[in-house]
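Dear colleague,

Please find the structure we discussed below.

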Amino acid sequence: MAAARILLLAATGAHSLQHTFKGFSTNYVKASGTSAAPPVVLVHGFGGSSGQWRATLADLAAAGRTAYAIDLLGFGESPKPRLATEDAYSIELWAEQLQQFVDEVVVAQDGADKATHRAKKLPSELPSPSP
């Protein structure tokens, strides 16, 4: 896993950083851009990790975009703790992690405009699709 992380960082010029979620130090990678365009947050699928975004991070950074690739709790370089039943691994848990990450890192630390982030809303807050 460490070799893959080194390759990811070398290929993208990105930095591996940590964000605390529910007391766990979770991993994310940030590739800084030069444009004022809204940042991009990349989220892996089930069984994935931030490492799968290495080519995309490099392309986004080359295009001047700041990009983040997060390792959800239980995946990649993030911890894989045994969780209590009420906090069991679920879509809701990862949605909460992603929302907190956007609020505390992308918006608060990096000053991105909240209006530019669709990830701000949990699935339960999104409008229902019309038939």
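Apart from neighbours within four places in sequence, Thr66 is in contact with Lys30, Ala31, Ser32, Gly33, Pro39 and Val40. Please bear in mind that this is a predicted model. Thr66 sits in the loop that runs between helix H2 (54–62) and S4. Its side chain reaches the backbone nitrogen of Gly33 at 2.9 Å. Thr66 counts as buried because its relative accessible area is 17%, and the cut-off for buried is under 20%.

Arg54 belongs to helix H2. With a relative accessible area of 44%, Arg54 is partly exposed. A polar atom of the Arg54 side chain lies 2.8 Å from the backbone oxygen of Gly51. Arg54 and Val29 are 25 residues apart in sequence, and their C-alpha atoms are 9.5 Å apart in space.

Now the cores. The largest nonpolar core consists of 15 residues. Within this core, Tyr28, Tyr68, Ile70, Trp94 and Phe101 have the most contacts. Strand S4 (67–70) and helix H3 (91–107) are the elements that give two or more residues to this core. H3 supplies the largest share, eight residues. As for Trp94, once its neighbours within four places in sequence are left aside, Trp94 is in contact with Phe46, Leu72, Leu73, Phe75 and Tyr89. There is also a second, separate core of eight residues; among them are Leu42, Leu57, Ala67 and Ala69.

Regards

Terms used. Residues numbered from 1 in each chain as written. Predicted model: local features only at pLDDT ≥ 70, side-chain atom pairs only at ≥ 80, totals over all residues. Heavy atoms only, no water. Core = buried A, V, L, I, M, F, W, Y, C linked by side-chain atoms within 4.5 Å. Buried < 20%, exposed > 50% of the residue type's maximum accessible area, 1.4 Å probe, protein only. Helix = DSSP H or I, 4+ residues; strand = E, 2+ residues; numbered from the N terminus. Contact = heavy atoms within 4.5 Å. Polar contact = N/O pair within 3.5 Å; in protein donor to acceptor, adjacent residues only side chain to side chain.
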